[in-house]
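Here is a short report on one protein chain. Keep the sequence and the 3D view open as you read.

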Amino acid sequence: MGLLLVLRAPQPRPKSLRRATRAQRRERKRADADEWAAAQERGLLLDVPVEELLPLLNAAGGNRLPVLGQLHPWSDGVLVHEDLPQLAADVDRLGAAAADDAERGLVAALKALLARWRDEPGLTLHWYGE
């Protein structure tokens with residue numbers, strides 16, 4: 001299981017696919033996959049293994065973290081550019097709590113994603129849980 005973090009342009013509220021045909025659902029998934037592949041090439045996507053993230057979050061303060069404490073790896077959500085300073089502070093706390101190379105690598109990848117977000121302030125950070 002993983003948590004997908006994607007920097008993308010603000011999206012209009014999507015129409016529900018509840019009544020969509022199978023072909024419409026397949027097309028939507030295909031379009032998302034194409035967009036995510038392009039985002040990954042540009043460094044705008046990070047796929048975070050939940051089993052690595054949750055212990056690190058707990059070690060750094062868990063629910064007491066202002067932004068990351070509200071992030072649920074089994075749901076979807078959006079952060080706006082105004083959330084960036086608090087999110088950066090949360091990632092710094094993760095860095096202080098990182099105990100091994102894998103956790104430090106995860107923190108470095110998160111910091112790189114946040115640096116890209118600083119460079120492109122018109123984007124929003126979307127997370128998609130498993």
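In which helix is the place of Asp90? Asp90 sits in helix 3, residues 84-97. Helices here are DSSP runs of H or I with at least four residues, strands are E runs of at least two, and both are numbered from the N terminus.

This is a predicted model: local features need pLDDT of at least 70, side-chain atom pairs count only at pLDDT 80 or more, and totals for chains, interfaces and linings use all residues. Residues are numbered from 1 along each chain as its sequence is written, and side-chain values use heavy atoms, with hydrogens and water left out.

What does the side chain of Asp90 reach at 2.8 Å? The backbone nitrogen of Val67. Beyond neighbours within four places in sequence, Asp90 is in contact (heavy atoms within 4.5 Å) with Leu65, Pro66, Val67 and Leu68.

Four strands form an open sheet in the order 2-1-4-3, with antiparallel pairing. Strand 2 (45-49) and strand 3 (76-79) stand at the edges with a single partner strand each, so one side of each has no neighbour in the sheet. Two strands pair if DSSP finds at least two bridges between them. Strand 3 pairs with strand 4 (residues 124-128) over four bridges, in the antiparallel sense. Asp76 has Tyr128 in strand 4 as its bridge partner.

Note on methods: Polar contact = N/O pair within 3.5 Å; in protein donor to acceptor, adjacent residues only side chain to side chain.
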